[in-house]
Structure formats: structure tokens, C-alpha cells
Amino acid sequence: MFKSIFRRLLFTYLLITIFVITSMTLIVASIYKTTVFEQKRDNLESVAQRANRLTQDLYAQNISEKELDSAINAMGYSTESVIYILKIDKQLFEKQEELLLSGLNEEFIVQDLMLVLEGQRVYREKLYSEGFGTYVLLIGYPLIINRTIEGAILLLCPISNINQNIAHMNLIIWSVAVAMILVSVPFIYLNSMRISNPIKEMEAAARKMATGELVDHTLIASNDEIGRLSISFNDMKDQLEKTEIMRRELVADVSHELRTPLTSINGFVQGIIDGIIEPEDHREYMLLVQEETKRLIRLTSDLLDLAKLQSGGIELHKEHLHLFTLVEGVLTEFGNQATNKKLQMTNQVSSQLYVTADPSALKQVLINIISNAIKYSSEEGQISIDSEHDINNVRLVVSDNGIGISEQDLPYIFEKFYRSDRVRNTDDKSTGLGLSIAKNLVELNGGTIWTESIEGKGTSIIFTLPV
Ligand SMILES: Nc1ncnc2c1ncn2[C@@H]1O[C@H](COP(=O)(O)OP(=O)(O)OP(=O)(O)O)[C@@H](O)[C@H]1O
Ligand SMILES: [Mg+2]
């Protein structure tokens, strides 16, 4: 029945509102009714007491019978009731003659009169009087003169008037209640929409996203859970889109990078099979095939490293490291290459410096940067590793006086597979992943990396590490 949150909210709110307003109205109506009857009763009781006092005055001859009559009439008129002052003798009462005369011979009156004559006060609501032809309210007080019960004072008040008042009031109360419910309906409707719409919107967006469609941000300004859900949803959407773009780029890049070596391998092998390549040249071509295969192996292992780094699948084991020693170790590894190119490499890192980093990650960063410096330097070039530091960070600067990087290339060199055209044409062994891996590793260790370079003059790669 309630397949949408909107309907469920709407129905629940409506039900609660109607229930609350109805109960409150019922309570108010019943309190009003009780109050009206209590007031009437108080009123009639004080009239009864006053009638008794006036009768006592008549007996003491302080007032005349006429004065008593008109006072009683006035009180009866103002309270809309009929007042009987009965001086009843037991025998007379038993014969009920006097009652017959006054039209008071109705059964309930006779019974209550008996009680009153015994000294009790009587109050009855909702008695049907045939004499009045309606329901009446009855007050019975013993008539006391000189401390003895001489009869009874009876007040009969038709309740049709009271009921009319109550009915009138009820009409007002219930009209207000209905008006309140009607007024609350648009609010309930809007509020239900306000809660359910964003959810609906996000649900639709999620469904679209699942089919690979691009969707807009869901715009929810509220500061509650739904607002926050929408922010998280948008973040997730952005992240998914970014990942999707990265995935597509990667697939395109990788297939492009794989195609070149695979095409040359295929070409060489085909040449051998077809006999185009002479048997005495086979070894030379097989060496080329091996060269390409090695490049492919390096490419795949670099790609794996990068994928691991970017998916956060690498666990760092940070240590307190003596920077000078670490740099010295890496430089030693490059000793042969440097000698071959007659390069001069100097370690100018301060021997006081320590950093907190993963040693193998830091080593990899240095290897990638220094290998570039070697690769992109001409013979007899100079490479130096310097250090600077402040309270929080250590800065390592790897400088060379090699070919440098052009201004157009500079913003892209940390991207995957990016290599300057100049390099691309002269060197087939590189993959363009070295700096991308270095950047990821530095950032994973809490640092940043950037380049300063002038084409033809040299390059400095600078990165920071927390102390
Ligand atoms: N020290 C440098 N001097 C001049 N150019 C550099 C230097 N370091 C990097 N570059 C430029 O930045 C590009 C990206 O460097 P990166 O290390 O990522 O790739 P690569 O060295 O070409 O390949 P790989 O390191 O994967 O073998 C290089 O191709 C080169 O154009
Ligand atoms: Mg490199």
C-alpha cells in the first residue's frame, strides 16, 4: 500500500495530527461540559440556601409572604428553574395530596423527597420529567426552620438550555479542530515532500549511475542527515566518475604502451618465420626481442606498483632514517652508470638530518628521480643532492645540469606515461611511470613533490618529508 516514503510519511503525519487534535478536542469538550454542569449546580445550590433563609425570615416575620414570593420568582427567572418550597407534613406527604396539587407527583421526585425529608441533600442530572416534557436537573434541600426539618426546597431546571449551550460550544470547538487539521494538511504535505524528494532524487541518480549514465549533483541545502547524505552521495558520485575516467585513461594508455613493443616483437618474429631475416642475423633480432620483452616486464611491474599505490594497497613501515646514509646507498647503486657517462654525483645532504618515512619507499623515490637525472644528463654532467629543512619538514633537492624540461611539458611530467616528445624519440626503454610512482610514494609518506627546470640548463626535482 505504501510503496513510497512520501505516502508513508504523509499518512503517518496525518494520522498522528488527526489523532492528537481529535483527542484534545474531546478532552476540551468534556471539560467544558463538566464545568457548565458544575457551575449550574453551584448556582442552584446557593439559590436553595437563599430560599431557605428567606423562608426563615418569613417565619420570623421579617418579610411578608408577598416579598418571599417575588424574591423566589426572581431567583427562578434568573436561574431558568422552577423553585418549590414545600412545607410538608408527614401524613400529607404520605397521602401525596399536596404533591398532586403542585404537579410534583412524578415518581423520581417522590423518591428523592423522601431522602430530603430525612435530611439529605440531593442532586440529580438527566432525569426525564413528564411534567416538563424534557430532561431536568434536580436539587433537593431540606427546609430547615428553627433547626428542624419542616419540609423541602426543590429546584427543577430543564437541561435543554444547558445542552443547547454545550452543543453550541461543541460546534465551535469541533470547527476549530477541523480547521486545524485542514490547515496542517499543506504543511504535512510539504514536509513529507521535503523529506522524501531528496531521497527520491538520489535514488533516481543512483539508478542512472548504475547504468553508466552521467548525472548532475543532487542539490540539497538542508543541514540534517539528508543534507549530509546528499553531500556524501555527491562525493561518491565524483569519486566514481573520477575512477571511471582514470580507468578508461589507463586502459587506453596501457594498450597504447603495450602495442608498440608487441608490434616490434611481432615484426621481428614474423621476419624470422618468413625468412626475410637471414639466419646469421637471428641472434641480433632475438636480442632486440628480449630488449622489448624486458621493457614489457618493467612496464607491467611498474603498473602494478602504481595500481597498488593508488588503491591504497601498500602498507608503509615508517622508520626514523638518517638521510645522508640513505642517499649515499642509492648513489652507490648508480655508481657504474655514472662512471659510464662520466657524471659527477655529490651527496650534500646534511649529516644531522633524520626523517620519518618508509625506507624502501624513500629509496624508490630517490632511485626514480636520480635515474632520470642520469638519463637526461649529457656526458660529464653534474648531479647533486642537497637538503634544506625547517621545524616540520625536510626538503630534498635533486639537481642536474642536463637537458631540462620545456615549459609545456613541466605541468605533466608527474602524470602516468607522460614523456616529453624529445625523450620519446630518443629513448625507447622508458615507460613514463617513474615520476608518477615517485609522486604517489612521496604523498603516501606525507610529503609533496614538484619540479623547477629550465630547458637546456637543468632540472631540480624537490620533495618534502616530515621530520
Ligand atoms: N631530470 C630530468 N631532466 C629532464 N627531463 C626530465 C627529468 N626528469 C623527468 N623528465 C621528463 O619527465 C618525463 C617523465 O619522467 P618519468 O621518470 O616519469 O618517466 P621516464 O623517465 O620517461 O620513464 P621511466 O622513469 O618510467 O623509465 C620524462 O620522460 C622526461 O621527459
Ligand atoms: Mg624516469
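The legends below describe close-up views of a predicted model.

Local features require pLDDT of at least 70 and side-chain atom pairs count only at pLDDT 80 or more, whereas totals for chains, interfaces and linings use all residues. Residues are numbered from 1 along each chain as its sequence is written, and chains are lettered from A and ligands numbered from 1 in the order in which they are written.

**View 1. The open sheet of four strands.**
The strands follow the order β1-β4-β3-β2 with antiparallel pairing; strands are DSSP E runs of at least two residues, helices are H or I runs of at least four, and both are numbered from the N terminus. Pairing requires at least two DSSP bridges between two strands. From one strand to the next the twist averages 25 degrees. β2 and the antiparallel strand β3 (residues 134-145) are joined by six bridges, and S129 has T134 in β3 as its bridge partner.

**View 2. Helices on the sheet.**
Helix α1 (residues 5-59) lies across β1, β2, β3 and β4 (148-158), at about 35 degrees to β3. Angles are taken between N-to-C directions and run from 0 to 180 degrees, with axes fitted to C-alpha atoms, for helices over the stretch in contact. Helix α2 (residues 65-79) also packs on the sheet, where α2 touches β1 and β4 and makes about 140 degrees with the direction of β1. Contact means that C-beta atoms, placed from the backbone, lie within 7 Å.

**View 3. Packing of α1 and α6.**
The axes of α1 and helix α6 (residues 160-210) are 8 Å apart, at an angle of about 160 degrees. The two helices α1 and α6 are therefore roughly antiparallel (over 145 degrees; under 35 is roughly parallel, 65 to 115 roughly perpendicular, and the rest oblique). The contact of α1 with α6 comprises 25 nonpolar, nine polar and two charged residues. Nonpolar here covers Ala, Val, Leu, Ile, Met, Phe, Trp, Tyr, Cys and Pro; charged covers Asp, Glu, Lys and Arg; the others, Gly among them, are polar.

**View 4. Crossing of α9 and α11.**
Helix α9 (residues 323-333) and helix α11 (residues 359-375) have axes that come within 10 Å and cross at roughly 50 degrees, so α9 and α11 are oblique to each other. From α9, L326, V327 and V330 meet residues of α11 including P359, L362 and K363. This contact of α9 with α11 has eight nonpolar, no polar and one charged residue.

Y376, R419, S430, G434 and L435 come nearest among the 22 residues around ligand 1, where near means a C-beta atom, placed from the backbone, within 6 Å. α11 and α13 (434-444) each give two or more residues to this shell.

Technical notes: Contact = placed C-beta atoms within 7 Å.
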